[in-house]
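Student: Let's walk through this model together. Keep it brisk, please.

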Amino acid sequence: MRIGLTGGIGSGKSTVATMLGDLGATLIDTDAIARAISLPGGAAVPAIESAFGANVLDAAGGLDRARMREIVFADAEAKRRLEAILHPLIGIETERQATAAAGTPIVFDVPLLVESKRWRRIVDRVLVVDASEATQLTRVLARSGWAPEAVRAVIAQQAPRRDRRAAADAVVFNDGLSLEALADEVRSLWAHWIGHPAA
């Protein structure tokens, strides 16, 4: 079973990913892969520097993520150029990890699953973690130190909630749920999809 997990910023997607991992899934986090290949010496760094210049690198020679975020939010073409560099490399590493995990349920944690289109062909099920925009904003402000305008800009760049929900085989509405109630929903879904009760 290959499960694609997605959700907007502040939805609780990472929490659900951790719960699925605790239930026995192999987690493949595409955002973590993107960060790893953008670190000093990472596979994406030479192409990023060539495309955007040395000013997008930090003092250690890795991607300055805050600087790049400013650039791509202001320039859709720059966003496309960055994705054209990152996505093929992320795909290669994702498949490498999936091959290594053969025989276990795999959860692909993909923030841009709906936007990228290709993931629907790769996974058996799509699980969306959903929350109201007000809840997203409150959660991200509490943990990030960002300005509210920056959080709203990220939300606006992501697929609309209705599009994510329309692409889902299952939706966990994580608004006002306690951690225990959220865990109960995740366990129930796991038992339904994987075919045996969670331990």
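Tutor: A term to begin with: contact, or touching, means heavy atoms within 4.5 Å. This is a predicted model, with residues numbered from 1 along each chain as its sequence is written. Local features need pLDDT of at least 70, side-chain atom pairs count only at pLDDT 80 or more, totals for chains, interfaces and linings use all residues, and side-chain values use heavy atoms, with hydrogens and water left out.

Student: Which residues does Thr-30 touch?

Tutor: Leave out residues up to four places away in sequence. Then Thr-30 touches Ile-90, Thr-94, Asp-109, Val-110, Pro-111 and Trp-119.

Student: What helix is Thr-30 in?

Tutor: Thr-30 lies in helix α2, residues 30–37. Helices (H or I, at least four residues) and strands (E, at least two) are DSSP runs, numbered from the N terminus.

Student: Is Thr-30 buried or exposed?

Tutor: Thr-30 is buried, because its relative accessibility is 7%. Buried means under 20% relative accessible area, exposed over 50%, and partly exposed in between, with a 1.4 Å probe and protein chains only.

Student: What does the side chain of Thr-30 reach?

Tutor: The backbone oxygen of Asp-109, at 2.9 Å. That is a polar contact: a pair of N or O atoms within 3.5 Å; within protein, one must be able to donate a hydrogen and the other to accept it, and residues adjacent in sequence count only if both atoms are side-chain atoms. There is another at the start of α2, where a side-chain oxygen of Asp-29 comes within 2.9 Å of the backbone nitrogen of Asp-31.

Student: Which residues of α2 are buried?

Tutor: Thr-30, Ile-33, Ala-34 and Ile-37. Seen down the helix axis, the buried residues of α2 fall within an arc of 100 degrees, so they line one face. The arc is that of the directions from the helix axis to the C-beta atoms.

Student: And what do they pack against?

Tutor: The buried residues of α2 pack against β2 (26–29), α3 (45–52), α5 (76–100), β3 and α7.

Student: New topic. How many aromatic pairs does the structure hold?

Tutor: It holds 1 aromatic pair. The rings of Phe-108 and Trp-119 have centres 5.3 Å apart and planes at 50 degrees, so the pair is tilted. The rule: rings of Phe, Tyr and Trp (its six-membered ring) pair if their centres lie within 6.5 Å; planes under 30 degrees apart count as stacked, over 60 as edge-to-face and the rest as tilted.

Student: Where in the chain are the two?

Tutor: Phe-108 sits in strand β3 (residues 106–109) and Trp-119 in helix α7 (residues 119–122), 11 residues apart. Phe-108 is buried, with a relative accessible area of 0%. Trp-119 is buried too, at 5%.

Student: Strands next. How does β1 pair with β3?

Tutor: In the parallel sense, over 4 bridges. Two strands pair if DSSP finds at least two bridges between them. Arg-2 stands opposite Ile-106 in β3. β1 also pairs with β4 in the parallel sense, over 5 bridges. There, Leu-5 stands opposite Leu-127.

Student: What about β4 and β5?

Tutor: Strand β4 (residues 125–130) and β5 are parallel as well, over 4 bridges. Asp-130 has Phe-173 in β5 as its bridge partner.

Student: Which residues of β5 are on the covered face?

Tutor: Ala-170 and Val-172 are on the covered face, while Val-171 and Phe-173 are on the uncovered one. In a regular strand the side chains alternate between the two faces of the sheet.

Student: What does α11 pack against?

Tutor: Its buried residues pack against β1 (2–7), α1, β4 and β5. Those buried residues of α11 are Leu-182, Ala-183, Val-186, Leu-189, Trp-190, Trp-193 and Ile-194. They fall within an arc of 130 degrees seen down the axis, so they line one face of α11. The face turned away carries the exposed residues Glu-180 and His-192.

Student: Last one. Where is Leu-20, and which residues does Leu-20 touch?

Tutor: Leu-20 is in helix α1, residues 13–22. Leu-20 is buried, at 4% relative accessibility. Not counting residues up to four places away in sequence, Leu-20 touches Leu-5, Ala-25, Val-107, Leu-127, Val-186 and Trp-190.
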